[in-house]
Amino acid sequence: MSEPRHVVVADPDPRERARVQELLRVPAEELGLSLEVHAASDGQVALALIEQRKPHLVLSEVLLEGLSGLSILRRLRATLPAGQVPPFVFVTTMARESDRYWGLRNGAHGYVMKPYEDDLLQSRIRDVLREVQPEKFGLL
């Protein structure tokens, strides 16, 4: 396995954080990646983890206490050079098509609405790991 790639999972529900962390395992193993997952229950903690760990991927609920997932993404895009903003996938209860539109419009690389099938989220994670900044994942 390669050097661990950092992933931040932000969700207020501890069961959802654990589920997403477990679902990350399959695409990581398929691609021969070692992932180190950092969990956050609110937006401030998530932003601090992102700033400290400089993750290769962020999976976030939009609805986070303190700072929304969308606000975190906007802040990163406003303060970091384009190549340093980690790929961001929303895994969220915000399930209207307009919510999805605004998430993607603000730079998210994916938008998965809850409830979701496990294989749908794994497929989206796999796509992001392969297609978005693959050199950071050693996939080139």
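Beyond its neighbours within four places in sequence, Arg 126 is in contact (heavy atoms within 4.5 Å) with Val 26, Pro 27, Glu 30 and Leu 31. The model is predicted: local features need pLDDT of at least 70, side-chain atom pairs count only at pLDDT 80 or more, and totals for chains, interfaces and linings use all residues. Residues are numbered from 1 along each chain as its sequence is written, and side-chain values use heavy atoms, with hydrogens and water left out.

Arg 126 belongs to helix α5, residues 118–131. Helices (H or I, at least four residues) and strands (E, at least two) are DSSP runs, numbered from the N terminus. Arg 126 has a relative accessible area of 16% and is therefore buried. Buried means under 20% relative accessible area, exposed over 50%, and partly exposed in between (1.4 Å probe, protein chains only). Its contact Leu 31 sits in the loop between α1 and β2 (35–40). Leu 31 is also buried, at 18%.

Two packed helices are described by the angle between their axes and the distance between the axes. Helix α1 (residues 14–30) packs with α5 at an angle of about 50°, and the axes are 9 Å apart. Axes are lines fitted to C-alpha atoms, for helices over the stretch in contact; angles run from 0 to 180 degrees between N-to-C directions. The two helices are therefore oblique to each other. Angles under 35 degrees count as roughly parallel, over 145 as roughly antiparallel, 65 to 115 as roughly perpendicular, and the rest as oblique.

From α1, the contact draws on Arg 19, Val 20, Leu 23, Leu 24, Val 26, Pro 27 and Glu 30. These meet Asp 118, Leu 121, Gln 122, Ile 125, Arg 126 and Leu 129 of α5. By class, this contact has 8 nonpolar residues (Ala, Val, Leu, Ile, Met, Phe, Trp, Tyr, Cys and Pro), 4 charged (Asp, Glu, Lys and Arg) and 1 polar (the others, Gly among them).

Rings of Phe, Tyr and Trp (its six-membered ring) pair if their centres lie within 6.5 Å. By this rule there are 3 aromatic pairs. Tyr 101 and Trp 102 form an edge-to-face pair, 5.0 Å centre to centre, with 80° between the planes. Planes over 60 degrees apart count as edge-to-face, under 30 as stacked, and the rest as tilted. Tyr 101 is partly exposed, at 41% relative accessibility. Trp 102 is partly exposed at 44%. Ring pairs also link Phe 88, Phe 90 and Tyr 111 into a cluster.
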